[in-house]
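Colleague: I would like to learn how to read a model like this one. Please take me through some features, with the general idea before each case.

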Amino acid sequence: MIHSVQIPPITPVVSTPSKKEGFQTLHQRTHRRPPSAKRSEGRPLKGIPLDRTWPVLSALPLALTELEQDEVFPSLSANQISSYLDESIRFGRESAEGYAYDGNLTRWMDRMIHAGVRIRFADRKNGNHTEWVRAQYRRKPPSIYIYRFSLEQLKQFFHRSGYRVSENDLIALHLFHEWFHHLEYSRLGRTDLQLPKAVKKRWGPLTLKQPLPRLREIAAHAFTQKAMDLPWFPLWLDHLLLLSEQGWSKTRIREHFHQIKNRYRQIMEPEERR
Ligand SMILES: [Zn+2]
């Protein structure tokens, strides 16, 4: 699975982005970069009160923005949406049991490497400005790729927000997300196959059912939040970064988040809108 975010539309639109570009040259440009002690200077991620500096958006509306990108989303009922959001977040959080990050990145990287996962820091320029890939997991062989530009971008974002963040924690933020995808294959089972499939089409007595792959992303964010004890849902950071890098003002971001919250509220409390 690829951990990425897309530029959100101003009005709700369901998008199905292409995710495979830029894969071929990956190996040629990757190499290990072991974490250095120096990089751990800086404030722990979980202790940075980012919510004092930026408009806030909580886990459920954020998870909704993820689910909206699934192909079958338009055919889901409000009850189904509510249940998918709750269950995928629950699945991610519960899966983080026994994976509490204590700030010791080296120990965690060792644990992952001993579990047979290769960790690579890669240079990669993103080809377009509508999607950023921060990190990704590949199954064969099990590998986690973390893109340096993403680490640098996050570091700069925190710097602009007035904080010097632990760079080890930024690496961990990427690692834990992808580690969850590894666990989906090695231990947990894929999130979208653990939860009920959605009905895509009916022909008389026949129904075509389809899993919702975006549930995996929601669960991965929930897993990362729990494992790293973060006060916010990690997808929030992706949205903030994307929008602020696009030059959006805080006011505009706040309005955008407000629209998402309204969308969420309309789905959860439809009777209120009548
Ligand atoms: Zn992911």
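Modeller: Start with burial: a residue is buried if 20 or more other C-beta atoms lie within 10 Å of its own, exposed if 12 or fewer, and partly exposed in between, with C-beta atoms placed from the backbone. Strand 7 (residues 206-210) has five residues and the number buried is zero, so the strand lies largely in the open. Helices (H or I, at least four residues) and strands (E, at least two) are DSSP runs, numbered from the N terminus. The model is predicted: local features need pLDDT of at least 70, side-chain atom pairs count only at pLDDT 80 or more, and totals for chains, interfaces and linings use all residues. Residues are numbered from 1 along each chain as its sequence is written.

Colleague: How does strand 6 run relative to strand 7, and how many bridges join them?

Modeller: Two strands pair if DSSP finds at least two bridges between them. Strand 6 and strand 7 run antiparallel and are joined by five bridges. W203 has L206 of strand 7 as its bridge partner. The hairpin has two residues between the strands, and G204 there takes a positive phi near 55 degrees.

Colleague: Which residues of helix 8 are buried?

Modeller: The buried ones are P234, L235, W236, L237, D238, H239, L240, L242 and L243. That is nine of the 12 residues, so helix 8 is largely enclosed by the rest of the structure. As for length, the expected span of a helix is 1.5 Å times one less than its number of residues. Helix 8 (residues 234-245) reaches 17 Å from its first C-alpha to its last, close to the expected 16 Å. Just after helix 8, G247 has a positive phi of about 85 degrees.

Colleague: At what angle do helix 1 and helix 2 pack?

Modeller: Axes are lines fitted to C-alpha atoms, for helices over the stretch in contact, and angles run from 0 to 180 degrees between N-to-C directions. Helix 1 (residues 59-67) and helix 2 (residues 78-95) pack at about 110 degrees, with axes 10 Å apart. Helix 1 is therefore roughly perpendicular to helix 2 (under 35 degrees is roughly parallel, over 145 roughly antiparallel, 65 to 115 roughly perpendicular, the rest oblique). Residues count as in contact if their C-beta atoms, placed from the backbone, lie within 7 Å. Helix 1 contributes A59, L60, A63, L64 and L67, and helix 2 contributes I81, Y84, L85, S88 and I89.

Colleague: Is E184 buried or exposed?

Modeller: E184 counts as buried because 24 C-beta neighbours lie inside 10 Å. E184 sits in helix 5 (residues 167-188). Leaving aside neighbours within four places in sequence, E184 is in contact with G189, R190, T191 and R216.

Colleague: Where is L195, and which residues does L195 touch?

Modeller: L195 lies in the loop between helix 6 (191-194) and strand 6 (198-203). Not counting residues up to four places away in sequence, L195 touches Y84, E87, S88 and L215. With 19 other C-beta atoms within 10 Å, L195 is partly exposed.

Colleague: What is the phi of D229, and where is D229 placed?

Modeller: Phi of D229 is near 55 degrees, a positive value in a residue other than glycine. D229 is in the loop between helix 7 (214-227) and helix 8.

Technical notes
Contact = placed C-beta atoms within 7 Å.
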